[in-house]
Amino acid sequence: MKIEIKNGRLIDPAQGIDRVASLFIAAGKISAIGTAPPGWQTHRAIDARGLVLSPGLIDCSARLREPGFEYKATLESELEAAVAGGVTSLACPPDTDPPLDEPGLVEMLKHRARLLNRAHVYPIGALTVGLAGTTLTEMGELAEAGCVAFSHADVPLADTQLLLRAMQYAATFGHRVWLRPQDPHLSKGGVAHDGEVATRLGLPAIPAAAETIALATIFTLIRETSVSVHLCRLSTAEGVAMVRAAKQEGLPITCDVAVHHLHLSEVDIGWFDAQAHVMPPFRSPRDRAALRAGLTDGTIDVICSDHTPVDDDSKQLPFAEAEVGVTGLELLLPLTLKWAAEERVGLPAALAKITRAPAALLGLHGGTLAIGHPADVCIFDPAAHWVVDRSSLKSQGKNTPFVGLEVPGRVKYTLIDGVVAGGLAPLPANA
Amino acid sequence: MTSNETPELPDAEATLLALVERMRGAVAFDAAFVGIYSGGAWVAERLAELIPGNHSLGFIDVSYYRDDYARTGLKGGARRSELKFDVDGATIVLVDDVLFTGRSVRAAINELFDFGRPACIELAVLIDRGGRELPIEADYVGARLAVARDLSIVLSRDNGRLSLTVEPVTNA
Amino acid sequence: MIRNPQLNANGELTHLLTLEGLPADVIRHILDTAEPFASISEREVKKVPLLRGKAVFNLFFENSTRTRTTFEIAAKRLSADVINLNIGVSSTSKGETLLDTVDNLVAMNADMFVVRHAQSGAPHLIATHLNQHRQTHVHVVNAGDGRHAHPTQGLLDLYTIRHYKREFTNLTVAIVGDVLHSRVARSLIHGLTTLGTPEVRVIGPRTLMPTRVDAMGVRVFTDMSAGLAGCDVVVMLRLQSERMKGTLLPSAGEYFKHYGLTPDKLALARPDVIVMHPGPMNRGVEIDSAVADGERSVILPQVTFGIAVRMAVMSIIAGN
């Protein structure tokens, strides 16, 4: 199958391309940009006039809920959501039930995902067995089975001796460790940012110091071990400042922010809206501004959705009892575009945060439209605005605080390995 | 009858005197006068002044006893009912400004019984405008007149002087 | 922005969940309405037929005999039928969810829920659920949720202050003790600031002060003497026994030494100061018996006023 995508604005941050050009795809790979290769014959043409052609999006944190939480979501439903959101690759954290701590589970997940022939799935392995914080996992075996990194997901790892050893062991084999900086003691029982809103609403709070203390611990241990660390879900202004300084110092770190943290703050809890119960908590508007600034200046490398589908029953509880998380695969692109428009960040720079940068983080042969690379492509209409509502989401999780919000950017086609996997528009007829 | 015809209203002070004439000698010497807030309370005060005898004075707010609570709620500020005499065994003249459907009087009688068991209750009103929805009649009436149902007769007090006006019914 | 779930489409009070954001007129209307209710207990028949035939469910997920009793008396004086449900444990551990419980009781034709819950926001969840399912004839009164709000206690505190001081616009009010965990303090602060109280103080050790409490419009004092100076009203908060010794405070004795209200410390306030306490009191922990039983104490009148205030709240919201 030879596909020609015509008349679209082709943006590839990895190659520095931003111009109207045709994209030629053959045998599932990018075969040319601009002019057709010699002897080319188009089997199928897609007219992308007015649309943007971007590398398929890469989401470095999306929970698919399998195994263990199939009542919240399934691989089928969430990979459908990924395709609808233009996401062609995603990394899933190990906090399934059982956690991704042994090769068989990882292989099964990879196998199930491959059968569905949708977005590529890259599991993050558990750092300790059962995420219990006592025994290291077989990282070598897990890496062979397909784990691209190791993390402790959102489960607190209070034992700093174990953390040090996990980092030493991962460094031995060159694995990257992903950590969410949150001190387990200062965050114990907390459900909201320790600020005006939590005080007014009487919600148990998590101070910003929970993040900064954890960062200081992690940085100290990195200096001991030289392990590469990816910091997940930064949330505070102080945290951004510390990461900036650590990068200047030359520590081998990268970091991400969840896209909803770019838009919401503690204020959005409103009258105890459980949809705004997330971890880390939405912090103050000042923190949000610092996250945006950190993203613009490169302190924060990657934007992720931190996709966490939650069933309605688990959300329809008093705020503190409601399960944390938001559904996000289908909102990653719109909310990134909204941030870019508000901060006057150009499309190439914005798309880099959800294509090239996460590809580098995950060590993927993707995130670009370079010739010879897999033809994972997201074709979207940047001018189309739509209102988020439950029925418009393919994810089984309808849990988002953005319901009712008008957002920019509608995905028209998602191509995975050169195959039109889905999107809004019907499949194009043969040219 | 329609509200296009504004009725001829009698002078309130003259009507009060007519009511006093009808009550004088007819009410018990020790009858207590209980006015229904707010117009009936003003009338009761005047009656207690003008009618000879040993008349205790009381005031009653029927907000908690109204039968339209389910429809209209508790909007206006209720006032404290004040009955500073022993209701048990008392002869009571309930006093209201305008007798219309009879529902306020029904509420007032119910409320009186929550204070005790009166020996006898009579009813005195300044104006009887007809239109009863309950089997209630006044014992003493200042004046009778017919008014369209969508108009209400309002008693006002200014410097102690009573006056009557007609207003369209506010809550439909 | 989400509409305030306490108000119906006409802006009338249909649930009472918090005093935060309630217009001053609405608060004054409740206090004015409570005033005549206070006299009903002096009658031969201590009830009025306002809520006759209405079913009021006391839905207590957290035990509190005292608060439940005051609501029960208030509802009964309004002639409502009162059904007490002491669920006692958290909704999740019981198997049935909070909203399932509510839906079941709505199916039994409940007209009003009086809700006490250990989690902040639980009454909001119920009210929002009822609004979304068009059960707008069913009303919710928050009888205390977590650390968040105890609006009827706040209202009876306001009623008590107004009864003795008439105006709020010239008062200095101090709230002393465990503000961090206190829904009573939060509700009273909102009420006082809404009604124009020029100085509201909170006094206590830093471990018992929530972050940025100053943003609620109060001045923070850690020194009891400085905080009490010139006060017209002193409100003592209850110190829960599990917090008397541990990570928040070293001992009840040290707490009493610094923050217990004694006659000596009270002498720093204005001579006509009134002393309030939401009850139940811990004598010798937050308050000396000589103050609790002294001539400046209005702690028992607070209890009496509480019934009238709760009657007012129920009769206003049930009619909207």
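Select Leu23(A) and Ile33(A) to begin: Leu23(A) stands opposite Ile33(A) in strand E5(A). This is a predicted model, in which local features need pLDDT of at least 70, side-chain atom pairs count only at pLDDT 80 or more, and totals for chains, interfaces and linings use all residues. Residues are numbered from 1 along each chain as its sequence is written, while chains are lettered from A and ligands numbered from 1 in the order in which they are written.

**Stop 1: the hairpin in chain A**

Stay with chain A and colour residues 29-33, which are E5(A). E5(A) pairs with E4(A) in the antiparallel sense, over 4 bridges. Strands here are DSSP runs of E with at least two residues, helices are runs of H or I with at least four, and both are numbered from the N terminus. Two strands pair if DSSP finds at least two bridges between them.

Now zoom to the turn. E4(A) and E5(A) form a hairpin with 2 residues between them. Ala27(A) sits in that turn and has a positive phi of about 55°.

Click Glu4(A): its bridge partner in E4(A) is Phe24(A).

**Stop 2: the sheet in chain B**

Move to chain B. Its 5 strands form an open sheet in the order E2-E1-E3-E4-E5, with parallel pairing. Select 57-60 for E2(B) and 140-144 for E5(B): these strands stand at the edges, each with a single partner strand, so one side of each is left without a neighbour in the sheet. The twist averages 25° from one strand to the next. Axes are lines fitted to C-alpha atoms, for helices over the stretch in contact, and angles run from 0 to 180 degrees between N-to-C directions.

Select E4(B), residues 120-128. E4(B) and E5(B) pair in the parallel sense over 4 bridges. Asp128(B) stands opposite Arg144(B) in E5(B).

Which strands does helix H1 of chain B touch? Select residues 12-23: H1(B) packs on the sheet, touching E4 and E5 of chain B. Its direction makes about 145° with that of E5(B). Two residues are in contact if their C-beta atoms, placed from the backbone, lie within 7 Å.

Now select 39-50, helix H2(B). H2(B) lies across E1, E2, E3 and E4 of chain B and runs at about 155° to E1(B).

**Stop 3: where chain B meets chain C**

Show chains B and C together. Here 13 residues of chain B are in contact with 15 residues of chain C. The side of chain B that touches chain C has 6 nonpolar, 3 polar and 4 charged residues. Ala, Val, Leu, Ile, Met, Phe, Trp, Tyr, Cys and Pro count as nonpolar, Asp, Glu, Lys and Arg as charged, and the others, Gly among them, as polar.

**Stop 4**

Hide everything but chain C. Chain C has 11 helices and 9 strands. Its C-alpha atoms fill a box of roughly 55 × 45 × 40 Å along the principal axes.

Colour domain 1 (24-149 + 304-318) and domain 2 (151-301) separately. The bounds come from an automatic or database domain assignment. The C-alpha centres of the two domains of chain C lie 26 Å apart. The contact takes 21 residues from domain 1 and 21 residues from domain 2. On the domain 1 side, H1 (24-37), E4 (139-145) and H11 (299-318) of chain C each supply at least two residues. H11(C) gives the largest share, 6 residues.

**Stop 5: the sheet in chain C**

Find the open sheet of 5 strands in the order E7-E6-E5-E8-E9 of chain C, where the pairing is parallel. Its edge strands are E7 (219-221) and E9 (274-276), each pairing on one side only. Select 199-203 for E6(C): 3 bridges join E6(C) to E7(C), and the two run parallel. Ile203(C) stands opposite Phe221(C) in E7(C). Helix H6(C), residues 183-194, packs on the sheet and touches E5, E6 and E8 of chain C.

**Stop 6: where chain C meets chain A**

Bring chain A back. Now 25 residues of chain C are in contact with 19 residues of chain A. On the chain C side, H3 (98-107), H4 (122-132) and H6 give two or more residues. H4(C) gives the most, with 3 residues. That side divides into 10 nonpolar, 10 polar and 5 charged residues.
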